[in-house]
Amino acid sequence: MKELDNIKIAELMILLNEDTVLKRFYPLIPICDKLTNRLLALNITDKYMYFERMENSTVELSKELCVEIEFLKLLEALLHMYDFKSRKLGEIESANRELIQALNEEKIKTSKDYLFLCMKHSIPTILNKYRAEEKDIIKLFHLCDLMRLPGVKDVRADLYYSCNYKSLQDFSIQNYTKMQEQIARYIKDNKIQKSVPFAKELATQIAVSKVLPHISFGCA
């Protein structure tokens with residue numbers, strides 16, 4: 001699942017601060033620079049390489065890094081928090097139902113299936129195969145992309161999409177305060193029954209959007 005959830009070790013500092021991480025991970029913050037530099041010195045450059053070294057020998061890695069095992073396990077838990085979670089397309093109520101039915105008939109049943117389909121093929125190719133509206137194909141792709149963010153399911157993804165935050169790439173350049181204001185204004189103006197995300201929720205999602213791979217149609 002590297003194409004969807006890998007994280008570069010050099011970007012750990014983006015995740016590790018009090019505005020963007022759960023309190024249980026705060027002990028990693030003071031040692032972030034030291035840990036990052038030592039991991040890179042061992043040529044452990046991404047999340048999956050780290051998991052492999054942890055699986056091979058946590059004790060040996062602890063010695064090589066001169067970092068206690070409890071911190072390494074904490075880092076492992078942090079990185080696993082952002083593992084890709086595939087969703088059933090049938091549960092995405094804000095997407096076009098006819099498109100989802102057509103995809104299901106072709107065994108494209110989850111967000112993982114659909115994202116890989118879109119990454120492999122261009123929009124015209126998918127249009128030709130599924131005979132759907134371009135806007136519906138694009139919206140479903142963006143909803144699935146947004147659901148890679150922690151805590152984001154259909155309702156929240158649709159809210160972000162409606163506010164013109166349509167991808168992780170869009171998220172990665174935002175300011176959470178301005179986002180919160182714009183989302184609150186959208187909810188009020190449109191009189192919809194949805195909650196405004198908390199500031200830390202948005203700050204965390206922006207940070208994660210910076211470190212997860214950015215994807216697009218035909219990028220595989």
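Here, buried means under 20% relative accessible area, exposed over 50% and partly exposed in between, with a 1.4 Å probe and protein chains only. This is a predicted model, in which local features need pLDDT of at least 70 and side-chain atom pairs count only at pLDDT 80 or more, while totals for chains, interfaces and linings use all residues. Residues are numbered from 1 along each chain as its sequence is written, and side-chain values use heavy atoms, with hydrogens and water left out.

View 1. Helices (H or I, at least four residues) and strands (E, at least two) are DSSP runs, numbered from the N terminus. The C-alpha atoms fill a box of roughly 55 × 40 × 25 Å along the principal axes. Of the 220 residues, 44% count as buried. What share of the contacts with a separation of 6 or more comes from residues 24 or more positions apart? They account for 66%, where a contact means heavy atoms within 4.5 Å.

**View 2. Helix α8 covers residues 111–120.** Its buried residues are S111, Y114, L115, L117, C118 and M119. What do they pack against? The partners are α1 (2–5), α7 (97–105), α9 (123–130) and α10 (134–146).

**View 3. Y50, Y114 and L140 touch the most other members of the largest nonpolar core, a set of 72 residues.** Such a core is a set of buried Ala, Val, Leu, Ile, Met, Phe, Trp, Tyr and Cys residues joined through side-chain atoms within 4.5 Å. Helix α10 gives this core its largest share, six residues. Now zoom in on Y50: leaving aside neighbours within four places in sequence, Y50 is in contact with I9, L39, I44, L61, L72, L75, E76 and L79.

**View 4. C66 sits in the loop between α5 (58–65) and α6 (69–80).** C66 is not a glycine, yet its phi is positive, at about 55°. Is C66 buried or exposed? With 58% relative accessibility, C66 counts as exposed.

**View 5. K191 is found in the loop between α13 (176–190) and α14 (199–211).** K191 also has a positive phi, near 50°, in a residue other than glycine. At 71% relative accessibility, K191 counts as exposed.

**View 6. F141 and F217 form one of the four aromatic pairs in the structure.** Rings of Phe, Tyr and Trp (its six-membered ring) pair if their centres lie within 6.5 Å; planes under 30 degrees apart count as stacked, over 60 as edge-to-face and the rest as tilted. The ring centres of F141 and F217 are 4.5 Å apart and the planes stand at 40°, so this pair is tilted. The pair links distant parts of the chain, with F141 in helix α10 and F217 in the segment after α14, 76 residues apart. F141 counts as buried, at 3% relative accessibility.

**View 7. Y160 and F171 make an edge-to-face pair.** Their ring centres lie 4.9 Å apart, with the planes at 70°. Y160 belongs to helix α11 (residues 154–162) and F171 to helix α12 (residues 168–171), 11 residues apart. Y160 is buried at 0% relative accessibility, and F171 is buried at 0% too. Which residues do ring pairs link into a cluster? They are Y160, Y165 and F171.
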